[in-house]
Amino acid sequence: MEACGAGARPQAPAAAKRALPDKLTVDEVCAELGVAKSSFYDWRQKGRAPRCIRLPNGALRIRRIDFENWLSDCED
């Protein structure tokens, strides 16, 4: 059994400290892809964008899992 230093607490894994958000904004998706918002909205108009959630205020959110799946489907 290992002894911990006085007052030492176990550290959370680095990934837990930087947890990714469950839902992304259009700005976040565009920044991650390096594309203009106009491109995203064009893809959306053509049915080629990841699935979106429309909030009551009209803003869009994209579930991270839907975004990741969409990226996988885009692979050549």
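Colleague: Which helix does C74 lie in?
Modeller: C74 lies in helix α4, which covers residues 64-74; helices here are DSSP runs of H or I with at least four residues, numbered from the N terminus. This is a predicted model, in which local features need pLDDT of at least 70 and side-chain atom pairs count only at pLDDT 80 or more, while totals for chains, interfaces and linings use all residues. Residues are numbered from 1 along each chain as its sequence is written, and side-chain values use heavy atoms, with hydrogens and water left out.

Colleague: And is C74 buried, partly exposed or exposed?
Modeller: C74 is partly exposed, because its relative accessible area is 46%, and the classes are buried for under 20%, exposed for over 50% and partly exposed in between, with a 1.4 Å probe and protein chains only.

Colleague: How far apart are C74 and R48 in space?
Modeller: Their C-alpha atoms are 9.8 Å apart, and in sequence C74 and R48 are separated by 26 residues.

Colleague: What about D66, is that one buried or exposed?
Modeller: D66, which is also found in helix α4, counts as buried because its relative accessibility is 15%.

Colleague: Which residues is D66 in contact with, leaving aside its neighbours within four places in sequence?
Modeller: With those neighbours set aside, D66 is in contact with P50 and R51, where contact means heavy atoms within 4.5 Å.

Colleague: Changing topic, how many salt bridges does the count come to?
Modeller: The count comes to 7 salt bridges, each being a side-chain nitrogen of Lys or Arg within 4 Å of a carboxyl oxygen of Asp or Glu.

Colleague: Which residue does R64 meet in a salt bridge?
Modeller: The side chain of R64 meets that of E32, at 3.7 Å from N to O. R64 lies in helix α4 and E32 in helix α2 (residues 26-33), so this pair ties together parts that are 32 residues apart in sequence. R64 counts as buried at 13% relative accessibility, whereas E32 counts as partly exposed at 44%.

Colleague: Which residue does D42 form a salt bridge with?
Modeller: D42 pairs with K46, their closest N and O atoms being 3.2 Å apart, and D42 counts as partly exposed at 34% relative accessibility.

Note on methods
Helix = DSSP H or I, 4+ residues; strand = E, 2+ residues; numbered from the N terminus.
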